Amino acid sequence: MSEFPPNVSRKNVGSKIIDLQHKSIDVQTPTPCIRTVTSDSHSDMSPNKIRISNNLEVDQDRKTSPIFHKTMFGTKESNRGAFLEAIREARAERAAERQRDEAAIKIQASIRGWLVRVSQDRELRKKFDELFGTEPVTSEQTPFLPPAMDAFQEMTRYLLGSMDSDNLKLSYVSCGMNKDLTLHWIQHMKDVLFIACKILESLQAEIPSENRLISLYLHLLLTFTATNTWRIVRMPNFEPLKPALNKLTENLIGDLVTRGLYTTLNHVLVRGLCRGRAALRGAAITTIITLCLRPLIAAQYSDKLLSLTMIHILSVPALIHHLVTLAPEGLQMLHSNALFEKVVELVQTEQDLRIVFNTLEGSYALCLLANLVHLAYEESSTSLPKLAFPKFNFVVKRLLEKCGEYVTTKQSSLTQWHPVLGWFSRPLDQHLNESLAIVKSQLQLLWSGSIVRVMFAALTRLVKEQEVSGGDVKNCTGVPASSTTPSLAGLGYLVSSALDRRLSSGTTGGSLRSSGGLRGGGTYKLGSPGVATVAMVCSMYHTATTTLSQLRMDILTGLCYKSEMVPHLWQVLSSLGPSCGLKSFLDLLSVSTKATAPEFHMLMLFCDATTHLVTVLDDLEMYEQQKPFSIADYTALSSFLNTFAYKIIHNGLVDVRNVQNSALFVSVHTLLMLLHKRNSRRNYVTDAHWLIKEIRVSTFTADLERGKRTAQVLMQKMPHIIPHTERVLLFRKYVTNEKAVLGLTDTTVITIHRARLVEDGYRQLASLSSQLLKGMIRVRFINEQGLDEAGIDQDGVFKEFLEETLKRVFDPSLNLFRLTSEERLYPSPSSSINENHLQLFEFTGRMLGKAVYEGIVIDCPFASFFLSQVLGEQQSALYSSIDELPSLDPELYKSMTYIKHYDRDVGDLDLTFSYDEDYLGQIVTHELRPGGKVVPVTNDNKIVYIHLMAHFKMHTQIKDQTKAFIRGFRSIINPDWLSLFSVPEFQRLISGDNVAVDLKDLRENTLYYGGFHDKHRVVCWLWDILERDFKEEERALFLKFVTSCSKPPLLGFTNLEPPFSIRCVEVGDDEDTGDTIGSVIRGFFAIRKRDPVNRLPTSSTCFNLLKLPNYQRKSTLREKLRYAITSNTGFELS
């Protein structure tokens, strides 16, 4: 019912009426009269106004008399101006008075009309209440609903009640059956239903009373949009009237759709379902689905109504999820009406899909995709197999591409975080934000086992036919041969023919044409119908990994573990021809440089999924069980990836200025380097396997020196393609060039007391800048008596200082470093008991860096997990802590592997996310995650537990020590130089080559002093003993005895600094004063002064010098030398 206008109160209206009566305005007459303004008729006017009015009544004859004109317009011009001004004022006052009169009349008319309407509304409401009765408003009802809504609610109930009557006089439909009232009845029902829709849009389902009203008005809409619930229609005599009544309801439905029915249903669904807990009841949801389908059925599923259904109904976040859980009847209605098939058919054209997406935009288009995926999951055994390819595949791929383009266009500096799409500048509304978790779970069904199996059915058929026939394979798309090409053409793919056209129009030579695709020489051909089908399905999933960036790992996990896609794809790739169809891919890339063809998406998806799979494989699965690939598969795959990555860079098929922008190269290179890293940790191929045979090292090195970009990119991304020796030479060249650029001419002299070797070294060298430390360092030793030690000026004293310092620092008794069970060094977790322990780690890193910088080999084997952190590999997304755990604690690794493969309930092991450590006699509990002490390890989280345990042991416990060591090491060695080497190669760079001692090379690079020469009897005995009598282990001990390192230099003994030397000595080391003329002559001519049978060979490792007595018998030399090298004598300064 009507109320007072919001800006007019009863008090204001009353005061207006009183004021108008006070002014004696004739409100009875609607037409204003024009009255003469005189002093008699306007008693309320001022005297001036009265005077002016009287002047207006001057006799007309006087105005025309000559005296008047003389008086008014004579010589007194000033009176004329005043007179005219008075006339103007009078005219303005009369106009204002007329306006006031007119305004008063209009106000009175408006008030009177309003009062009449109020009176009529009250009379009408009184009659309505007398007819329908009244109900008191309860406390549960919404207090702010206007009285008119209460009346509409009552009327709705009576309308619905009348429809349950089989009495024609009581049923409201009888009015519509009256010829005189039919049109009025139809218009009235249209208005009633429209009002119900508008009320529905304003109601809130979380309020119980309004929730009941939602059900009421939905029931009203449901009742009057179909005749199947009308009780009167069930009577036999009304059977002939059914068609006419159905026309009436169709008329009502059409009007509702025109006036926004689908918008109303969208409002109700979004407000009622997009919450933490759904507020709509199952019956209400089913009713909405029914109301949605009725216009579609009436219009025989027209494209317009299907579009409205997609935009307003299927885009409701998590709608299908709520149908499954709350309203299965509604879901069944969608199935029985084949809505999924019809919607997928509708958006097969680009124009229809664009209209739908542009209307919804990004987030709600994603909700539409999620609901379609959920419908596909529910129909995975019925409709999906028929629609999977190409129709459903096309729809999903294009929606994903549209979402990706939308995110790209919406990116700006003011971005918002989207849990599925990542960062872009479109904030989530409240309803979508609360439902996004369910939307994610719907999207995850796309890579569930049931959908993946259906989507990759063509791939399964390819593999089975290959296994059965072992020969050429026919069309395996699952689509009839006659319809394959048109279907693909309708999607714009035309894989086979488009591929052939690209090849025929390309500029590269050597591309061969054959029916069905490229010649590869294998079972299948790239571009053939079967492979093309698989490629386009892979293209869809690849698009999912790029668009749904926050679900990428989840997608790859589903593809790897919920299907046989990865091994099956490998079987297809390996059958494309020699080297997995390498030439076919290169030919295609030469004419499709952006790598947008589905065939490349197939390759990228395989690489990404295999990378994800291999990353989590442990050694047992990869090497012993060989699942899902055999060692032969890894060998063939790594060979293909290595050559392909090299070719696309070398042949200029990607932009070498920014190869990271090439998604194809990134995917291929990532898997390649993962396989190379696994091989570095545990070989499955030889080092020569990774070399590119067509590379001429001299030419390649020359290109690097000239700064050729292609060579630089290859060396940066794939350093393993040239031999390790060449990379070491390149590293040494980098060092030499830096020394030349820095101009390292300054010499730093330090004084070291042997009793305080580490302390003095740290005190004098820790404060030096990196540049000074890279320069010449001279060491002056002070012996225990406080006297300067004499040293041979061959820079060997600094080498001895470096070796001795590092030897003491790495001594486990100092507790800066510990030893693994394999005798390899890593930072001690309890090193904090040492004062300034982090500064000592940084100093140690600088000293080791100086040794590597100068090419000094240090025999200090490190644990590989620690070296991988020094190389920065832990920052890679592919780094796996569990893979490195065996290098720290093999027993712990076995335990973690046992837990991983434990096929029963892990909860029986009574584990929690914590680790108990014995720290200096006390048990300290470390939580692997916040609150880990009370979080049990289960079958669902055991993989997380394993990785967290490995990460804690190798990173968290020693993160400060490792960080300090790396900071010191990288202050000397450029981190970019280290990218040339893998972890084992880096260890060889530090400690020398892990190969047998080459005695021939050592002998050719030996210097002799004290009368010895290469043909000297004792020297010949020495080489003969080393070659014939000593085992390989003893030769390594001999090398360690004379150089302090058991491994030969990386580049051979030619690069040993200082060169290996042998000097003839006649006295003990404490009496040795070096070579004299007499000793040299006697040594050269083998003149026996005396047989030194009681003396042992000694060495000065700082100079790589062997001091050998002039023995008279070979057996004595053999005995004394073996004793010396096994007794670990040496390390003495001559």
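Analyst: Start with a cut-off: a residue is buried when its relative accessible area is under 20%. Keep in mind that this is a predicted model.

User: Which residues of H11 are buried?

Analyst: The buried residues of H11 are Leu-261, Tyr-262, Thr-264, Leu-265, Asn-266, Val-268, Leu-269, Val-270, Gly-272 and Leu-273.

User: What makes H11 largely enclosed by the rest of the structure?

Analyst: Count the residues. H11 has 13, and ten of them are buried, so the helix is largely enclosed by the rest of the structure.

User: How do you know what span to expect for H11, and what does the helix reach?

Analyst: The expected span takes 1.5 Å times one less than the number of residues. For the 13 residues of H11 (261-273), that gives 18 Å. From first C-alpha to last, the helix reaches 18 Å, close to the expected value.

User: Why is Cys-1102 called buried?

Analyst: Its relative accessibility is 1%. The cut-off is under 20%. Cys-1102 therefore counts as buried.

User: Where does Cys-1102 lie, and what does UniProt say about Cys-1102?

Analyst: Cys-1102 sits in the loop between strand E13 (1098-1100) and strand E14 (1105-1109). An unreviewed UniProt entry annotates Cys-1102 as "active site". That label comes from the record and may be inferred rather than shown by experiment.

Key:
Residues are numbered from 1 along each chain as its sequence is written. This is a predicted model: local features need pLDDT of at least 70, side-chain atom pairs count only at pLDDT 80 or more; totals for chains, interfaces and linings use all residues. Side-chain values use heavy atoms; hydrogens and water are left out. Helices (H or I, at least four residues) and strands (E, at least two) are DSSP runs, numbered from the N terminus. Buried means under 20% relative accessible area, exposed over 50%, partly exposed in between (1.4 Å probe, protein chains only).
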